[in-house]
Amino acid sequence: MGSDENRSPGRRPRPLAPPRLPPGALREFKRFLYRLYLAAGTPSLEAIVDAIGQDDGLPGSPLKDTVNRILGGAKLPGLHDAESVAAVLARSGGADDPEQVVVRTKQLWIAAQENPGPPPRTAEDWGAFSLGVHRAVAVDGSGVDDLTPYIARKHDELLRDRLRHAAEGRQSVLALLVGQSSTGKSRAAFEAVRGELPTWPVLVPRGAHELVDWVATDSVDARTVVWLGEAQRHLTEPAGEEAARALAELLARVTPVAVIGTMWPEYARKVASRALETADRYAHARTLLETYRAEIHVPDGLGDGLGQARKIAVRDPRMRAAVAAAQWSGDGARARVIQQLTGGPELVRRYETGPGNAFAEIEHAVVTAAVDARRLGHGSALPGELLAEAVAGYLPTTARVTHDSGWFATALRSLCAQETGSLSALVPDRVAPGLGAADGYHPADYLDQSVRLRRAHLAPPEQLWEAAAAHARTVDDLYAMGQAAQDRRRHDHAVRLYRCAVERGGEVARPALAQLLEEAGDREGAQTAAADSARAWAVLGALRENSGDRDGACHAYATAAGAGSGRRGRPWSGCGKRPGTGRAPTRPLPGPRRPAAPGRG
(Lines give C-alpha, C1' and ligand atoms only; values in the text may rest on other atoms or scores of the structure.)
Protein backbone atom coordinates (compact mmCIF):
# COMPACT_ATOMS: atom_id res chain seq x y z
CA MET A 1 0.00 0.00 0.00
CA GLY A 2 1.28 3.42 -0.83
CA SER A 3 2.46 5.69 1.94
CA ASP A 4 1.70 9.35 2.45
CA GLU A 5 4.92 10.54 0.77
CA ASN A 6 3.15 13.21 -1.26
CA ARG A 7 1.88 14.89 1.86
CA SER A 8 3.83 17.82 3.27
CA PRO A 9 5.92 17.04 6.37
CA GLY A 10 3.98 16.90 9.64
CA ARG A 11 0.63 16.46 7.89
CA ARG A 12 0.11 12.75 8.59
CA PRO A 13 -3.65 12.18 8.89
CA ARG A 14 -5.06 11.56 12.34
CA PRO A 15 -5.82 7.85 12.84
CA LEU A 16 -9.45 6.85 12.85
CA ALA A 17 -11.03 6.11 16.21
CA PRO A 18 -12.59 2.66 16.68
CA PRO A 19 -16.40 2.55 16.65
CA ARG A 20 -18.16 2.41 20.02
CA LEU A 21 -20.33 -0.68 20.01
CA PRO A 22 -21.81 -2.90 22.73
CA PRO A 23 -20.51 -6.47 23.06
CA GLY A 24 -21.68 -8.73 20.25
CA ALA A 25 -20.94 -10.05 16.79
CA LEU A 26 -20.94 -6.63 15.11
CA ARG A 27 -18.38 -5.32 17.60
CA GLU A 28 -16.16 -8.38 17.03
CA PHE A 29 -16.32 -7.83 13.24
CA LYS A 30 -15.49 -4.13 13.53
CA ARG A 31 -12.67 -4.70 16.00
CA PHE A 32 -11.14 -7.33 13.71
CA LEU A 33 -11.00 -4.79 10.86
CA TYR A 34 -9.69 -2.10 13.19
CA ARG A 35 -6.83 -4.33 14.36
CA LEU A 36 -5.89 -4.87 10.70
CA TYR A 37 -5.92 -1.09 10.27
CA LEU A 38 -3.57 -0.64 13.24
CA ALA A 39 -1.25 -3.42 12.05
CA ALA A 40 -1.00 -1.70 8.67
CA GLY A 41 0.21 1.48 10.36
CA THR A 42 -3.08 3.46 10.24
CA PRO A 43 -2.82 4.37 6.54
CA SER A 44 -4.86 7.25 5.14
CA LEU A 45 -8.25 6.61 3.58
CA GLU A 46 -6.83 7.73 0.22
CA ALA A 47 -4.02 5.18 0.45
CA ILE A 48 -6.51 2.37 1.17
CA VAL A 49 -8.74 3.40 -1.75
CA ASP A 50 -5.71 3.62 -4.10
CA ALA A 51 -4.50 0.15 -3.08
CA ILE A 52 -7.93 -1.34 -3.70
CA GLY A 53 -8.15 0.38 -7.09
CA GLN A 54 -4.84 -1.13 -8.17
CA ASP A 55 -6.05 -4.70 -7.60
CA ASP A 56 -8.65 -5.79 -10.16
CA GLY A 57 -9.06 -9.11 -8.36
CA LEU A 58 -10.77 -7.60 -5.34
CA PRO A 59 -14.58 -7.90 -5.20
CA GLY A 60 -15.36 -4.36 -4.06
CA SER A 61 -14.36 -0.82 -4.92
CA PRO A 62 -15.31 1.41 -1.96
CA LEU A 63 -14.71 5.14 -2.02
CA LYS A 64 -13.11 7.10 0.79
CA ASP A 65 -16.34 7.77 2.71
CA THR A 66 -17.25 4.09 2.53
CA VAL A 67 -13.84 3.03 3.86
CA ASN A 68 -14.28 5.55 6.68
CA ARG A 69 -17.62 3.95 7.63
CA ILE A 70 -16.21 0.43 7.34
CA LEU A 71 -13.42 1.16 9.83
CA GLY A 72 -14.99 3.77 12.08
CA GLY A 73 -18.74 3.47 11.66
CA ALA A 74 -21.23 1.57 13.79
CA LYS A 75 -23.17 -0.12 10.97
CA LEU A 76 -22.50 -3.32 9.03
CA PRO A 77 -21.00 -2.50 5.61
CA GLY A 78 -21.36 -4.44 2.37
CA LEU A 79 -19.47 -7.72 2.37
CA HIS A 80 -17.46 -7.15 -0.81
CA ASP A 81 -16.28 -3.72 0.29
CA ALA A 82 -15.28 -5.09 3.71
CA GLU A 83 -13.37 -7.98 2.11
CA SER A 84 -11.47 -5.57 -0.14
CA VAL A 85 -10.47 -3.32 2.75
CA ALA A 86 -9.40 -6.34 4.81
CA ALA A 87 -7.30 -7.70 1.93
CA VAL A 88 -5.22 -4.56 1.37
CA LEU A 89 -4.79 -3.94 5.11
CA ALA A 90 -3.64 -7.54 5.62
CA ARG A 91 -1.05 -7.23 2.88
CA SER A 92 0.17 -3.87 4.15
CA GLY A 93 0.38 -5.15 7.70
CA GLY A 94 2.44 -8.18 6.73
CA ALA A 95 -0.16 -10.83 7.56
CA ASP A 96 1.13 -14.38 7.10
CA ASP A 97 -1.88 -15.40 5.01
CA PRO A 98 -3.92 -12.47 3.62
CA GLU A 99 -6.37 -14.86 1.96
CA GLN A 100 -7.16 -16.43 5.31
CA VAL A 101 -7.75 -12.93 6.71
CA VAL A 102 -10.37 -12.35 4.01
CA VAL A 103 -12.01 -15.69 4.86
CA ARG A 104 -12.15 -14.70 8.53
CA THR A 105 -13.60 -11.32 7.57
CA LYS A 106 -16.43 -13.06 5.73
CA GLN A 107 -17.12 -15.36 8.68
CA LEU A 108 -17.36 -12.45 11.09
CA TRP A 109 -19.49 -10.47 8.66
CA ILE A 110 -22.00 -13.33 8.36
CA ALA A 111 -22.18 -13.66 12.16
CA ALA A 112 -22.79 -9.92 12.50
CA GLN A 113 -25.49 -9.98 9.84
CA GLU A 114 -27.31 -12.87 11.52
CA ASN A 115 -27.07 -11.42 15.02
CA PRO A 116 -26.06 -7.75 14.95
CA GLY A 117 -27.07 -7.13 18.58
CA PRO A 118 -28.59 -3.95 19.99
CA PRO A 119 -27.22 -0.49 19.18
CA PRO A 120 -25.41 1.49 21.88
CA ARG A 121 -27.91 2.87 24.40
CA THR A 122 -27.53 5.66 26.92
CA ALA A 123 -29.44 5.72 30.21
CA GLU A 124 -32.10 7.84 28.51
CA ASP A 125 -32.35 5.35 25.65
CA TRP A 126 -32.80 2.45 28.08
CA GLY A 127 -35.39 4.26 30.14
CA ALA A 128 -35.79 4.12 33.91
CA PHE A 129 -38.06 1.09 34.04
CA SER A 130 -35.78 -1.04 31.86
CA LEU A 131 -32.98 -0.34 34.33
CA GLY A 132 -34.95 -1.59 37.33
CA VAL A 133 -36.79 1.50 38.57
CA HIS A 134 -40.13 0.51 40.11
CA ARG A 135 -43.29 2.03 38.72
CA ALA A 136 -45.39 4.11 41.09
CA VAL A 137 -48.83 2.73 41.85
CA ALA A 138 -51.51 4.40 39.73
CA VAL A 139 -53.92 6.65 41.62
CA ASP A 140 -56.99 8.47 40.29
CA GLY A 141 -56.12 7.68 36.70
CA SER A 142 -52.50 8.85 36.89
CA GLY A 143 -50.22 7.20 34.36
CA VAL A 144 -48.03 4.34 35.58
CA ASP A 145 -45.50 4.97 32.81
CA ASP A 146 -44.56 8.43 34.10
CA LEU A 147 -41.81 8.91 36.66
CA THR A 148 -42.74 10.86 39.77
CA PRO A 149 -40.71 14.03 40.35
CA TYR A 150 -37.35 13.11 41.86
CA ILE A 151 -36.42 14.04 45.43
CA ALA A 152 -32.66 14.22 45.90
CA ARG A 153 -31.11 13.08 49.19
CA LYS A 154 -27.62 13.06 50.68
CA HIS A 155 -26.49 9.92 48.88
CA ASP A 156 -27.32 11.49 45.50
CA GLU A 157 -24.56 14.07 45.81
CA LEU A 158 -22.03 11.41 46.86
CA LEU A 159 -22.91 9.33 43.80
CA ARG A 160 -22.91 12.27 41.41
CA ASP A 161 -19.54 13.44 42.70
CA ARG A 162 -18.01 10.07 41.81
CA LEU A 163 -19.54 10.10 38.37
CA ARG A 164 -18.22 13.60 37.77
CA HIS A 165 -14.71 12.29 38.42
CA ALA A 166 -15.30 9.71 35.69
CA ALA A 167 -16.82 12.28 33.32
CA GLU A 168 -13.72 14.44 33.65
CA GLY A 169 -11.62 11.45 32.60
CA ARG A 170 -9.66 11.38 35.82
CA GLN A 171 -10.40 7.85 36.95
CA SER A 172 -12.62 4.82 36.68
CA VAL A 173 -15.17 4.56 39.47
CA LEU A 174 -17.21 1.88 41.21
CA ALA A 175 -20.32 2.83 43.16
CA LEU A 176 -22.60 0.39 44.94
CA LEU A 177 -25.86 1.74 46.33
CA VAL A 178 -26.78 -0.35 49.38
CA GLY A 179 -30.29 -0.15 50.80
CA GLN A 180 -33.48 -2.04 51.45
CA SER A 181 -35.86 -2.89 48.63
CA SER A 182 -37.88 0.00 47.19
CA THR A 183 -35.82 2.75 48.82
CA GLY A 184 -34.89 4.46 45.55
CA LYS A 185 -31.52 2.86 44.75
CA SER A 186 -32.15 2.26 41.04
CA ARG A 187 -33.84 5.64 40.61
CA ALA A 188 -30.87 7.40 42.22
CA ALA A 189 -28.47 5.55 39.91
CA PHE A 190 -30.59 6.34 36.85
CA GLU A 191 -30.87 10.04 37.66
CA ALA A 192 -27.15 10.32 38.41
CA VAL A 193 -26.05 8.60 35.18
CA ARG A 194 -28.60 10.52 33.13
CA GLY A 195 -27.41 13.79 34.65
CA GLU A 196 -23.63 13.32 34.80
CA LEU A 197 -22.90 10.83 31.98
CA PRO A 198 -25.74 11.51 29.51
CA THR A 199 -23.83 10.44 26.37
CA TRP A 200 -22.11 7.37 27.76
CA PRO A 201 -23.46 4.02 26.56
CA VAL A 202 -24.84 1.81 29.32
CA LEU A 203 -24.08 -1.93 29.25
CA VAL A 204 -26.30 -4.28 31.26
CA PRO A 205 -24.81 -7.79 31.65
CA ARG A 206 -27.31 -10.61 32.07
CA GLY A 207 -25.15 -12.30 34.69
CA ALA A 208 -21.67 -12.89 36.04
CA HIS A 209 -20.59 -15.13 33.17
CA GLU A 210 -21.46 -12.54 30.53
CA LEU A 211 -19.65 -9.83 32.49
CA VAL A 212 -16.52 -12.00 32.71
CA ASP A 213 -16.72 -12.70 28.97
CA TRP A 214 -16.98 -8.98 28.16
CA VAL A 215 -13.82 -8.19 30.09
CA ALA A 216 -11.93 -11.20 28.70
CA THR A 217 -12.74 -10.17 25.12
CA ASP A 218 -11.99 -6.46 25.70
CA SER A 219 -15.60 -5.59 24.88
CA VAL A 220 -15.99 -2.61 27.24
CA ASP A 221 -14.71 0.72 25.92
CA ALA A 222 -13.62 3.76 27.87
CA ARG A 223 -16.42 6.22 28.71
CA THR A 224 -18.92 3.41 29.26
CA VAL A 225 -21.27 2.67 32.17
CA VAL A 226 -21.54 -0.95 33.35
CA TRP A 227 -24.90 -1.30 35.10
CA LEU A 228 -25.16 -3.99 37.80
CA GLY A 229 -28.76 -3.89 38.97
CA GLU A 230 -29.11 -6.25 41.94
CA ALA A 231 -25.34 -6.67 42.05
CA GLN A 232 -25.64 -9.68 44.36
CA ARG A 233 -26.52 -11.69 41.25
CA HIS A 234 -23.10 -10.82 39.85
CA LEU A 235 -20.94 -10.90 42.99
CA THR A 236 -22.39 -13.47 45.42
CA GLU A 237 -23.46 -16.34 43.19
CA PRO A 238 -21.13 -19.21 42.17
CA ALA A 239 -19.35 -17.18 39.48
CA GLY A 240 -19.19 -14.06 41.67
CA GLU A 241 -15.50 -14.23 42.51
CA GLU A 242 -14.62 -14.56 38.84
CA ALA A 243 -16.81 -11.54 38.11
CA ALA A 244 -15.14 -9.55 40.90
CA ARG A 245 -11.69 -10.30 39.46
CA ALA A 246 -12.93 -9.26 36.01
CA LEU A 247 -14.30 -5.97 37.35
CA ALA A 248 -11.01 -5.24 39.11
CA GLU A 249 -9.17 -5.85 35.85
CA LEU A 250 -11.60 -3.65 33.90
CA LEU A 251 -11.36 -0.72 36.33
CA ALA A 252 -7.56 -0.91 36.33
CA ARG A 253 -7.17 -1.30 32.58
CA VAL A 254 -9.82 0.95 31.02
CA THR A 255 -10.08 4.63 31.97
CA PRO A 256 -12.53 6.13 32.48
CA VAL A 257 -15.29 3.58 33.13
CA ALA A 258 -18.17 3.82 35.60
CA VAL A 259 -19.47 0.65 37.24
CA ILE A 260 -22.66 1.28 39.18
CA GLY A 261 -24.74 -1.26 41.05
CA THR A 262 -27.41 -1.78 43.70
CA MET A 263 -27.52 -4.33 46.52
CA TRP A 264 -29.58 -5.22 49.57
CA PRO A 265 -27.83 -4.79 52.96
CA GLU A 266 -27.99 -8.51 53.79
CA TYR A 267 -25.89 -9.30 50.72
CA ALA A 268 -23.49 -6.44 51.44
CA ARG A 269 -22.96 -7.85 54.94
CA LYS A 270 -22.36 -11.30 53.49
CA VAL A 271 -19.62 -9.95 51.19
CA ALA A 272 -18.08 -7.87 53.98
CA SER A 273 -17.84 -10.74 56.49
CA ARG A 274 -14.54 -12.58 56.67
CA ALA A 275 -14.60 -16.37 57.00
CA LEU A 276 -12.32 -17.61 59.78
CA GLU A 277 -12.35 -21.39 59.61
CA THR A 278 -13.74 -22.03 56.14
CA ALA A 279 -12.89 -21.01 52.61
CA ASP A 280 -13.41 -17.28 52.06
CA ARG A 281 -16.08 -17.27 49.36
CA TYR A 282 -16.14 -13.51 48.77
CA ALA A 283 -12.49 -12.47 49.16
CA HIS A 284 -12.19 -10.86 45.71
CA ALA A 285 -15.59 -9.18 45.89
CA ARG A 286 -14.79 -7.74 49.32
CA THR A 287 -11.37 -6.51 48.19
CA LEU A 288 -12.95 -4.88 45.14
CA LEU A 289 -15.55 -3.00 47.18
CA GLU A 290 -13.01 -1.97 49.83
CA THR A 291 -10.42 -0.81 47.28
CA TYR A 292 -12.86 1.53 45.57
CA ARG A 293 -14.78 2.41 48.75
CA ALA A 294 -17.77 1.50 46.68
CA GLU A 295 -20.64 1.38 49.16
CA ILE A 296 -23.03 4.32 49.36
CA HIS A 297 -25.83 3.89 51.90
CA VAL A 298 -29.38 4.65 50.79
CA PRO A 299 -31.69 5.27 53.79
CA ASP A 300 -35.16 3.79 54.15
CA GLY A 301 -36.85 7.15 54.49
CA LEU A 302 -36.90 10.53 52.82
CA GLY A 303 -35.67 12.37 55.92
CA ASP A 304 -35.45 16.07 55.14
CA GLY A 305 -37.00 15.37 51.74
CA LEU A 306 -40.44 14.79 53.28
CA GLY A 307 -41.24 18.48 52.98
CA GLN A 308 -40.48 18.40 49.26
CA ALA A 309 -42.64 15.28 48.92
CA ARG A 310 -45.57 17.14 50.48
CA LYS A 311 -45.13 19.97 47.98
CA ILE A 312 -45.10 17.51 45.09
CA ALA A 313 -48.18 15.81 46.56
CA VAL A 314 -50.21 18.94 45.89
CA ARG A 315 -50.06 18.28 42.14
CA ASP A 316 -49.27 14.55 41.95
CA PRO A 317 -51.99 12.18 43.25
CA ARG A 318 -49.53 9.27 43.48
CA MET A 319 -47.26 11.20 45.84
CA ARG A 320 -50.26 12.45 47.79
CA ALA A 321 -51.48 8.90 48.36
CA ALA A 322 -47.98 7.68 49.28
CA VAL A 323 -47.43 10.44 51.85
CA ALA A 324 -50.83 9.79 53.37
CA ALA A 325 -50.21 6.02 53.51
CA ALA A 326 -46.81 6.48 55.17
CA GLN A 327 -48.33 8.70 57.86
CA TRP A 328 -51.35 6.42 58.37
CA SER A 329 -49.11 3.35 58.78
CA GLY A 330 -46.97 5.02 61.41
CA ASP A 331 -44.06 5.61 59.02
CA GLY A 332 -44.37 9.36 59.17
CA ALA A 333 -41.31 9.79 61.35
CA ARG A 334 -39.18 7.66 59.05
CA ALA A 335 -40.93 9.08 55.98
CA ARG A 336 -40.99 5.74 54.12
CA VAL A 337 -42.85 7.35 51.24
CA ILE A 338 -40.91 5.69 48.42
CA GLN A 339 -41.95 2.21 49.53
CA GLN A 340 -45.57 3.33 49.57
CA LEU A 341 -45.17 4.79 46.07
CA THR A 342 -44.28 1.37 44.65
CA GLY A 343 -47.04 -0.43 46.56
CA GLY A 344 -44.58 -2.67 48.40
CA PRO A 345 -46.05 -2.44 51.94
CA GLU A 346 -49.56 -3.03 50.62
CA LEU A 347 -48.38 -6.11 48.74
CA VAL A 348 -46.76 -7.49 51.93
CA ARG A 349 -49.92 -6.73 53.90
CA ARG A 350 -51.97 -8.69 51.40
CA TYR A 351 -49.59 -11.65 51.63
CA GLU A 352 -49.62 -11.60 55.42
CA THR A 353 -53.38 -11.92 55.56
CA GLY A 354 -52.68 -15.56 54.75
CA PRO A 355 -53.86 -18.02 52.09
CA GLY A 356 -57.45 -17.79 50.98
CA ASN A 357 -57.79 -14.07 51.65
CA ALA A 358 -56.10 -11.45 49.43
CA PHE A 359 -54.37 -14.32 47.62
CA ALA A 360 -56.08 -17.59 46.83
CA GLU A 361 -54.51 -20.60 48.52
CA ILE A 362 -52.71 -21.71 45.37
CA GLU A 363 -51.53 -18.17 44.62
CA HIS A 364 -50.17 -17.77 48.15
CA ALA A 365 -48.35 -21.10 47.83
CA VAL A 366 -46.80 -20.14 44.47
CA VAL A 367 -45.47 -16.87 45.92
CA THR A 368 -44.04 -18.65 48.97
CA ALA A 369 -42.35 -21.26 46.78
CA ALA A 370 -40.84 -18.50 44.61
CA VAL A 371 -39.43 -16.65 47.63
CA ASP A 372 -38.06 -19.86 49.14
CA ALA A 373 -36.35 -20.82 45.88
CA ARG A 374 -34.79 -17.37 45.64
CA ARG A 375 -33.56 -17.31 49.25
CA LEU A 376 -32.05 -20.78 48.81
CA GLY A 377 -29.92 -19.65 45.89
CA HIS A 378 -31.89 -19.83 42.62
CA GLY A 379 -30.76 -16.48 41.27
CA SER A 380 -32.07 -16.57 37.70
CA ALA A 381 -35.69 -16.39 36.58
CA LEU A 382 -37.67 -19.25 38.13
CA PRO A 383 -39.07 -21.65 35.52
CA GLY A 384 -42.81 -22.16 35.72
CA GLU A 385 -42.28 -25.93 35.83
CA LEU A 386 -40.26 -25.57 39.03
CA LEU A 387 -42.98 -23.53 40.76
CA ALA A 388 -45.78 -25.77 39.53
CA GLU A 389 -44.06 -28.90 40.83
CA ALA A 390 -43.07 -27.36 44.16
CA VAL A 391 -46.39 -25.75 45.04
CA ALA A 392 -48.02 -28.93 46.35
CA GLY A 393 -45.57 -28.92 49.24
CA TYR A 394 -46.97 -25.60 50.43
CA LEU A 395 -50.63 -26.65 50.42
CA PRO A 396 -52.66 -28.75 52.82
CA THR A 397 -54.20 -31.84 51.23
CA THR A 398 -57.65 -30.23 51.12
CA ALA A 399 -56.34 -27.27 49.11
CA ARG A 400 -54.80 -29.54 46.48
CA VAL A 401 -58.25 -30.48 45.17
CA THR A 402 -59.10 -28.52 42.01
CA HIS A 403 -61.26 -29.12 38.96
CA ASP A 404 -59.39 -26.49 36.98
CA SER A 405 -56.86 -28.25 34.73
CA GLY A 406 -55.26 -24.86 34.08
CA TRP A 407 -54.90 -24.01 37.77
CA PHE A 408 -51.27 -22.95 37.48
CA ALA A 409 -51.83 -20.65 34.49
CA THR A 410 -54.79 -19.12 36.35
CA ALA A 411 -52.61 -18.45 39.39
CA LEU A 412 -49.85 -16.91 37.28
CA ARG A 413 -52.25 -14.57 35.51
CA SER A 414 -53.49 -13.29 38.84
CA LEU A 415 -50.04 -12.96 40.43
CA CYS A 416 -48.54 -11.16 37.41
CA ALA A 417 -51.52 -8.87 36.83
CA GLN A 418 -50.88 -5.12 36.78
CA GLU A 419 -54.09 -3.86 35.23
CA THR A 420 -54.42 -1.00 37.69
CA GLY A 421 -50.73 -0.26 37.93
CA SER A 422 -50.40 -1.92 41.34
CA LEU A 423 -47.27 -3.90 42.14
CA SER A 424 -47.59 -7.53 41.04
CA ALA A 425 -46.47 -10.35 43.32
CA LEU A 426 -44.56 -12.07 40.49
CA VAL A 427 -42.63 -10.34 37.74
CA PRO A 428 -42.71 -12.27 34.43
CA ASP A 429 -39.45 -12.63 32.52
CA ARG A 430 -38.33 -14.13 29.22
CA VAL A 431 -34.88 -15.70 29.09
CA ALA A 432 -35.23 -17.36 25.68
CA PRO A 433 -34.20 -15.26 22.64
CA GLY A 434 -36.78 -13.22 20.79
CA LEU A 435 -40.27 -12.14 21.72
CA GLY A 436 -42.81 -14.50 23.18
CA ALA A 437 -44.48 -15.70 26.34
CA ALA A 438 -42.78 -15.52 29.74
CA ASP A 439 -40.59 -18.49 30.57
CA GLY A 440 -39.55 -17.43 34.05
CA TYR A 441 -40.67 -15.43 37.08
CA HIS A 442 -39.18 -13.35 39.91
CA PRO A 443 -40.92 -12.53 43.19
CA ALA A 444 -41.40 -8.78 43.59
CA ASP A 445 -38.33 -7.37 45.36
CA TYR A 446 -40.13 -5.80 48.30
CA LEU A 447 -42.23 -8.90 48.90
CA ASP A 448 -39.19 -11.15 48.49
CA GLN A 449 -37.16 -9.26 51.08
CA SER A 450 -39.99 -9.17 53.61
CA VAL A 451 -41.13 -12.78 53.28
CA ARG A 452 -37.63 -14.30 53.27
CA LEU A 453 -36.91 -12.68 56.65
CA ARG A 454 -40.04 -14.27 58.11
CA ARG A 455 -39.20 -17.67 56.63
CA ALA A 456 -35.46 -17.69 57.32
CA HIS A 457 -35.80 -20.29 60.10
CA LEU A 458 -38.26 -22.53 58.24
CA ALA A 459 -37.38 -25.65 56.29
CA PRO A 460 -38.73 -25.76 52.73
CA PRO A 461 -40.80 -28.81 51.78
CA GLU A 462 -39.28 -31.81 50.04
CA GLN A 463 -41.11 -30.88 46.84
CA LEU A 464 -39.08 -27.69 46.43
CA TRP A 465 -35.74 -29.50 46.51
CA GLU A 466 -37.04 -32.11 44.08
CA ALA A 467 -38.47 -29.49 41.72
CA ALA A 468 -35.19 -27.57 41.78
CA ALA A 469 -33.20 -30.69 40.86
CA ALA A 470 -35.54 -31.34 37.94
CA HIS A 471 -36.12 -27.81 36.66
CA ALA A 472 -33.49 -25.31 37.96
CA ARG A 473 -32.57 -23.03 35.09
CA THR A 474 -28.78 -22.97 35.24
CA VAL A 475 -25.83 -24.93 36.60
CA ASP A 476 -25.14 -22.05 38.99
CA ASP A 477 -28.70 -22.32 40.34
CA LEU A 478 -28.28 -26.05 40.92
CA TYR A 479 -24.93 -25.57 42.65
CA ALA A 480 -26.19 -22.74 44.89
CA MET A 481 -29.27 -24.71 45.95
CA GLY A 482 -27.04 -27.74 46.55
CA GLN A 483 -24.98 -25.62 48.94
CA ALA A 484 -28.17 -24.47 50.67
CA ALA A 485 -29.30 -28.10 51.06
CA GLN A 486 -25.88 -29.07 52.42
CA ASP A 487 -25.93 -26.19 54.91
CA ARG A 488 -29.28 -27.46 56.17
CA ARG A 489 -28.01 -31.05 56.36
CA ARG A 490 -30.38 -32.17 53.62
CA HIS A 491 -27.54 -34.26 52.23
CA ASP A 492 -29.66 -36.48 49.98
CA HIS A 493 -31.05 -33.39 48.26
CA ALA A 494 -27.60 -31.79 48.11
CA VAL A 495 -26.16 -34.87 46.42
CA ARG A 496 -28.94 -34.91 43.84
CA LEU A 497 -28.60 -31.18 43.11
CA TYR A 498 -24.80 -31.40 42.78
CA ARG A 499 -25.13 -34.48 40.58
CA CYS A 500 -27.58 -32.68 38.30
CA ALA A 501 -25.17 -29.75 38.06
CA VAL A 502 -22.32 -32.07 37.09
CA GLU A 503 -24.45 -33.85 34.50
CA ARG A 504 -25.20 -30.47 32.92
CA GLY A 505 -21.50 -29.59 32.68
CA GLY A 506 -21.05 -27.86 36.03
CA GLU A 507 -17.52 -28.89 36.99
CA VAL A 508 -17.69 -26.47 39.94
CA ALA A 509 -20.00 -28.97 41.70
CA ARG A 510 -17.67 -31.98 41.44
CA PRO A 511 -15.60 -31.28 44.60
CA ALA A 512 -18.73 -30.76 46.70
CA LEU A 513 -20.38 -33.90 45.33
CA ALA A 514 -17.27 -36.01 45.89
CA GLN A 515 -16.92 -34.67 49.43
CA LEU A 516 -20.51 -35.50 50.41
CA LEU A 517 -20.28 -39.03 49.01
CA GLU A 518 -16.94 -39.64 50.73
CA GLU A 519 -18.31 -38.41 54.06
CA ALA A 520 -21.32 -40.70 53.61
CA GLY A 521 -18.99 -43.71 53.24
CA ASP A 522 -19.52 -44.15 49.50
CA ARG A 523 -15.84 -44.13 48.50
CA GLU A 524 -16.46 -45.65 45.08
CA GLY A 525 -19.19 -43.10 44.35
CA ALA A 526 -16.93 -40.28 45.50
CA GLN A 527 -14.14 -41.39 43.17
CA THR A 528 -16.56 -41.70 40.29
CA ALA A 529 -17.86 -38.20 41.01
CA ALA A 530 -14.30 -36.83 41.16
CA ALA A 531 -13.63 -38.17 37.63
CA ASP A 532 -10.69 -36.16 36.23
CA SER A 533 -11.20 -33.08 38.44
CA ALA A 534 -7.95 -32.21 40.18
CA ARG A 535 -9.84 -30.07 42.68
CA ALA A 536 -12.21 -32.90 43.60
CA TRP A 537 -9.35 -35.37 44.09
CA ALA A 538 -7.55 -32.82 46.28
CA VAL A 539 -10.69 -32.59 48.44
CA LEU A 540 -10.76 -36.40 48.76
CA GLY A 541 -7.08 -36.38 49.64
CA ALA A 542 -7.61 -33.87 52.44
CA LEU A 543 -10.57 -35.84 53.82
CA ARG A 544 -8.59 -39.06 53.89
CA GLU A 545 -5.51 -37.34 55.26
CA ASN A 546 -7.52 -35.89 58.14
CA SER A 547 -9.07 -39.27 58.90
CA GLY A 548 -5.66 -40.98 59.07
CA ASP A 549 -6.08 -42.94 55.82
CA ARG A 550 -2.50 -42.56 54.58
CA ASP A 551 -2.75 -44.85 51.58
CA GLY A 552 -6.07 -43.41 50.46
CA ALA A 553 -4.74 -39.87 50.79
CA CYS A 554 -1.63 -40.74 48.78
CA HIS A 555 -3.76 -42.23 46.02
CA ALA A 556 -6.06 -39.18 45.92
CA TYR A 557 -3.21 -36.66 45.89
CA ALA A 558 -1.37 -38.61 43.20
CA THR A 559 -4.51 -38.64 41.08
CA ALA A 560 -4.98 -34.91 41.66
CA ALA A 561 -1.39 -34.27 40.59
CA GLY A 562 -1.91 -36.36 37.49
CA ALA A 563 -4.97 -34.31 36.64
CA GLY A 564 -2.99 -31.08 36.89
CA SER A 565 -3.74 -30.11 40.48
CA GLY A 566 -3.17 -26.54 41.49
CA ARG A 567 -3.20 -27.57 45.16
CA ARG A 568 -2.15 -24.66 47.32
CA GLY A 569 0.81 -24.95 49.66
CA ARG A 570 3.61 -27.47 49.52
CA PRO A 571 2.83 -31.02 48.32
CA TRP A 572 2.35 -33.69 50.95
CA SER A 573 5.88 -34.86 50.32
CA GLY A 574 6.14 -38.60 49.99
CA CYS A 575 2.88 -39.00 51.91
CA GLY A 576 5.14 -39.02 54.99
CA LYS A 577 4.01 -39.67 58.54
CA ARG A 578 4.13 -37.17 61.35
CA PRO A 579 7.06 -38.09 63.59
CA GLY A 580 6.12 -40.08 66.69
CA THR A 581 2.46 -40.54 65.80
CA GLY A 582 2.31 -42.90 62.85
CA ARG A 583 -0.31 -40.58 61.36
CA ALA A 584 -0.17 -38.34 58.39
CA PRO A 585 -0.12 -34.59 59.09
CA THR A 586 -3.61 -33.12 58.98
CA ARG A 587 -4.58 -30.36 56.58
CA PRO A 588 -7.68 -28.23 56.19
CA LEU A 589 -9.95 -29.14 53.33
CA PRO A 590 -9.08 -27.19 50.19
CA GLY A 591 -12.83 -26.26 49.94
CA PRO A 592 -14.99 -24.71 48.78
CA ARG A 593 -17.47 -25.54 51.49
CA ARG A 594 -19.68 -23.38 53.63
CA PRO A 595 -20.27 -24.20 57.29
CA ALA A 596 -23.43 -26.00 58.28
CA ALA A 597 -26.06 -23.87 59.93
CA PRO A 598 -27.96 -26.18 62.30
CA GLY A 599 -30.46 -23.56 63.37
CA ARG A 600 -31.54 -22.56 59.88
CA GLY A 601 -34.39 -23.89 57.79
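**Figure 1. The open sheet.** Five strands form an open sheet in the order β2-β3-β4-β1-β5, with parallel pairing; two strands pair if DSSP finds at least two bridges between them. Helices (H or I, at least four residues) and strands (E, at least two) are DSSP runs, numbered from the N terminus. Strands β2 (202–203) and β5 (295–297) stand at the edges with a single partner strand each, so one side of each is left without a neighbour in the sheet. This is a predicted model, in which local features need pLDDT of at least 70, side-chain atom pairs count only at pLDDT 80 or more, and totals for chains, interfaces and linings use all residues. Residues are numbered from 1 along each chain as its sequence is written, and side-chain values use heavy atoms, with hydrogens and water left out.

**Figure 2. Strand β4 and its partners.** Strand β1 (residues 173–178) runs parallel to β4 and is joined to it by 6 bridges; L176 has G261 in β4 as its bridge partner. Strand β3 (residues 224–228) is likewise parallel to β4, through 5 bridges, and V226 is partnered by V259 in β4. In a regular strand the side chains alternate between the two faces of the sheet. In β4, V257, V259, G261 and M263 lie on one side and A258, I260 and T262 on the other, all of them buried, where buried means under 20% relative accessible area (1.4 Å probe, protein chains only). Because 7 of the 7 residues of β4 are buried, this strand is largely enclosed by the rest of the structure.

**Figure 3. The β1 and β5 pair, with helix α12.** Three bridges join β1 to β5, and the two strands run parallel. V178 stands opposite H297 in β5. Helix α12 (residues 265–272) packs on the sheet and touches β1, β4 (257–263) and β5; contact means heavy atoms within 4.5 Å. The direction of α12 makes about 115 degrees with that of β4; angles run from 0 to 180 degrees between N-to-C directions, and axes are lines fitted to C-alpha atoms, for helices over the stretch in contact.

**Figure 4. Helices α7 and α8.** The axes of α7 (residues 154–167) and α8 (residues 185–196) come within 9 Å and cross at roughly 40 degrees. Residues of α7 in this contact include H155, L159 and L163, and those of α8 include A188, A192 and V193.

**Figure 5. The buried residues of helix α22.** In α22 (residues 462–471), the buried residues are L464, W465, A467, A468 and A469. These residues pack against α18 (361–375), α19 (384–390), α23 (475–487) and α24 (491–503).

Conventions
Buried < 20%, exposed > 50% of the residue type's maximum accessible area, 1.4 Å probe, protein only.
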